Amino acid sequence: MRHDPETGLRERKKARQYQALSDTAITLFLTHGFDRVSVAEIAAAAHVSKPTLFRYFPTKEDLALHRFADHEDEPARVVTARAAGVSPLHALRGHVLDGLGRRDPVTGLSDHPEVLAFHRLLYGTPSLVARMYGYQQRSEAALAAALGGGIEGALAAGQIVAVLRVLALENWRRVAAGESADAVYPDAVAAAELAFGRLRTGWRDGPGDTQ
């Protein structure tokens, strides 16, 4: 297939514009608060018109959540790219443990001041939390397809995405409360191992549960 240099250049310029607009918006949100910043103010700060801004981002929430855009189909990509003979759960477990080791913000295990400020903005803004649900739905759909589709793929993807969300939220909760990422790391690894162990073997009924 012939590569078109012009197409590649346009895509790179478009990606840079997405990033620049999102970075401008997030700076304003962190400084003034999400609800106190208008789309017009973001457009003015980024030196673009409102129609141009909306061509890139349909909603103000999407400007803040652009940082998650590359991660939306990350679980699906991990499953698709896994080596022969490696199970999907094993590949995802390794990916999560690697992310914890790198203090990847997506794992919630990052105490970098800018990351903490962004997470406080995200989890403290109801409209952003609600918009995140759409990202999670798309992540589930992509992972379900990578797992073979059908009801089995959908059920597995729903459980996996929920586990990833719970793990990240617990890590962020502890770091936001003042613990260092290094201090939380051993418990974060243990929680991830527990979670993937339960995904692999299933959850047993608790005391008093009946068939």
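This is a predicted model: local features need pLDDT of at least 70, side-chain atom pairs count only at pLDDT 80 or more; totals for chains, interfaces and linings use all residues.
1. Let me start with M132, which sits in helix α8 (helices being DSSP runs of H or I with at least four residues, numbered from the N terminus). Leaving aside neighbours within four places in sequence, M132 is in contact with L65, F68 and L122, where contact means heavy atoms within 4.5 Å. M132 and F68 are 64 residues apart in sequence, yet their C-alpha atoms are 9.0 Å apart in space. With 14% relative accessibility, M132 counts as buried. On that scale, buried means under 20% relative accessible area, exposed over 50%, and partly exposed in between, using a 1.4 Å probe and protein chains only.

2. Residues are numbered from 1 along each chain as its sequence is written, and side-chain values use heavy atoms, with hydrogens and water left out.

3. Next, the packing of α8 on α9. Two packed helices are described by the angle between their axes and the distance between the axes. The axes of α8 (residues 126-146) and α9 come within 8 Å and cross at roughly 135 degrees; axes are lines fitted to C-alpha atoms, for helices over the stretch in contact, and angles run from 0 to 180 degrees between N-to-C directions. The two helices are therefore oblique to each other. For the cut-offs, under 35 degrees counts as roughly parallel, over 145 as roughly antiparallel, 65 to 115 as roughly perpendicular, and the rest as oblique. The crossing of α8 past α9 is right-handed, that is, the near helix is turned clockwise from the far one by less than a right angle, with anticlockwise giving a left-handed crossing. On the α8 side the contact is made by Q136, S139, E140, L143 and A144, and on the α9 side by G153, A154, A157, G158, I160, V161 and R165. These residues divide into six nonpolar, four polar and two charged. In this grouping Ala, Val, Leu, Ile, Met, Phe, Trp, Tyr, Cys and Pro are nonpolar, Asp, Glu, Lys and Arg are charged, and the others, Gly among them, are polar.

4. Helix α9 also meets α7. Here the axes come within 11 Å and cross at roughly 115 degrees, and α7 passes α9 in a left-handed crossing. From α7, the residues L116, H119, R120 and Y123 meet L169, W172, V175 and A176 of α9. This contact divides into six nonpolar residues, one polar and one charged.

5. While you are looking at α9 (residues 150-176), N171 lies in that helix and deserves a glance. Is N171 buried or exposed? It is buried, with a relative accessible area of 6%. Not counting residues up to four places away in sequence, N171 touches L100, T107, G108, L109, V184 and A188.

6. On to the charged pairs. How many salt bridges does a search of the whole structure find? The search finds 10, a salt bridge being a side-chain nitrogen of Lys or Arg within 4 Å of a carboxyl oxygen of Asp or Glu. R174 and D187 form one of them, at 2.9 Å from N to O. R174 is in α9 and D187 in α10, so the pair ties together parts that are 13 residues apart in sequence. R174 counts as buried at 15% relative accessibility, whereas D187 is partly exposed at 43%.

7. The side chains of R93 and E193 meet in another salt bridge, at 2.8 Å from N to O. This pair links distant parts of the chain, with R93 in α6 (residues 88-101) and E193 in α10 (residues 181-201), 100 residues apart. Both partners are partly exposed: R93 has a relative accessible area of 24%, and E193 is at 33%.

8. R77 forms a salt bridge with D73, with the closest N and O atoms 2.9 Å apart. R77 is partly exposed at 40% relative accessibility, and D73 is partly exposed at 33%. Separately, D98, R102 and D104 are linked in a network of salt bridges.

9. Finally, two backbone points to check in your viewer. H47 has a positive phi of about 60 degrees although it is not a glycine; H47 is in the loop between α2 (39-46) and α3 (50-56) and is exposed, with a relative accessible area of 73%. R103 also has a positive phi of about 60 degrees without being a glycine. R103 lies in the loop between α6 and α7 (113-123) and is partly exposed, at 22%.
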